[in-house]
Amino acid sequence: MKLYLAPLEGITNNIYRESQHTYFGGMDKYFTPFIAPNEQGILNTKVIRDILPENNKGMNLVPQILTNSADGFIIMCKTLEQYGYTEFNLNLGCPSGTVVSKGRGSGFLAYPDELDKFLDEIYKIDNMKISIKTRLGKERADEFYKLIEIYNKYPLEELIIHPRTREDFYGNTPNLEVFKDALKLSKHSIC
């Protein structure tokens, strides 16, 4: 079994991660709170402080990127690569209204054809591992069956599934039936 520290914006920054790692340890991966890329790939001071290798010693830290722009994702990966990162996580799970209204996070799940084109572009990046955090769908859990067909086309490092829809937010009971199907249908390692 592997243990991951999921990102929580405003909470699981480098100070929190360092404290957790020092006093409790045991995490196989730590994920940064999402980084929303800009067109120039410029990181603000807060993000730089959060991802600096010297602020994350001894941790397997994976930057999480939130975007629906393949170019933005690629530019951000190349920027973060300069800090030594080779694995990145695409956030398709955030249910926040401001994120979803821009077609990012779990809002991107409502556009499977666009998502497929996006993934086709980002998986052309050489020497980088890309995992995906997803929900079952934006509105309905049965949207996942189309999404898993798309995910299976690409060389994902792993697929992290939050077994709820965007509409569920963080409430309702996780849909373990569709999650069980995901375990059978996915060509990738599932978290």
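This is a predicted model: local features need pLDDT of at least 70, side-chain atom pairs count only at pLDDT 80 or more; totals for chains, interfaces and linings use all residues.
View 1. Strand E5 spans residues 87-92, and six of its six residues are buried. Glu 87, Asn 89 and Asn 91 point one way from E5. Phe 88, Leu 90 and Leu 92 point the other way. In a regular strand the side chains alternate between the two faces of the sheet. Both sets of E5 residues are buried.

**View 2. E5 beside E4.** Strand E4 (residues 64-65) pairs with E5 in the parallel sense, over two bridges. Gln 64 has Asn 89 of E5 as its bridge partner.

**View 3. From E5 through E6 to E7.** E5 and E6 are parallel partners over six bridges. Here Leu 92 is bridged to Thr 134 of E6. Strand E6 (residues 129-137) also pairs with E7 in the parallel sense, over five bridges. The chain runs from E6 through helix H6 (residues 144-151) to E7, and this β-α-β crossover is right-handed. Thr 134 has Ile 161 of E7 as its bridge partner. Strand E7 covers residues 159-165, and seven of its seven residues are buried.

**View 4. A nonpolar surface patch.** Leu 8, Ile 11 and Tyr 16 make a nonpolar surface patch of about 290 Å². Leu 8 sits in the loop between strand E1 (4-5) and helix H1 (14-23). Its relative accessible area is 47%, so Leu 8 is partly exposed. That value is over the 30% needed for a patch residue.

How values were computed. Residues are numbered from 1 along each chain as its sequence is written. Side-chain values use heavy atoms; hydrogens and water are left out. Patches are made of residues with over 30% relative accessible area and no salt bridge: like charges are joined within 9 Å, nonpolar side chains (Val, Leu, Ile, Met, Phe, Trp, Tyr) within 5 Å. Accessible areas come from the Shrake-Rupley method with a 1.4 Å probe; for residues, only the protein chains shown count as cover. A salt bridge is a side-chain nitrogen of Lys or Arg within 4 Å of a carboxyl oxygen of Asp or Glu. Helices (H or I, at least four residues) and strands (E, at least two) are DSSP runs, numbered from the N terminus. Buried means under 20% relative accessible area, exposed over 50%, partly exposed in between (1.4 Å probe, protein chains only). Two strands pair if DSSP finds at least two bridges between them. A crossover is right-handed if, with the strands pointing away from the viewer, the path from the first strand over the helix to the second runs clockwise.
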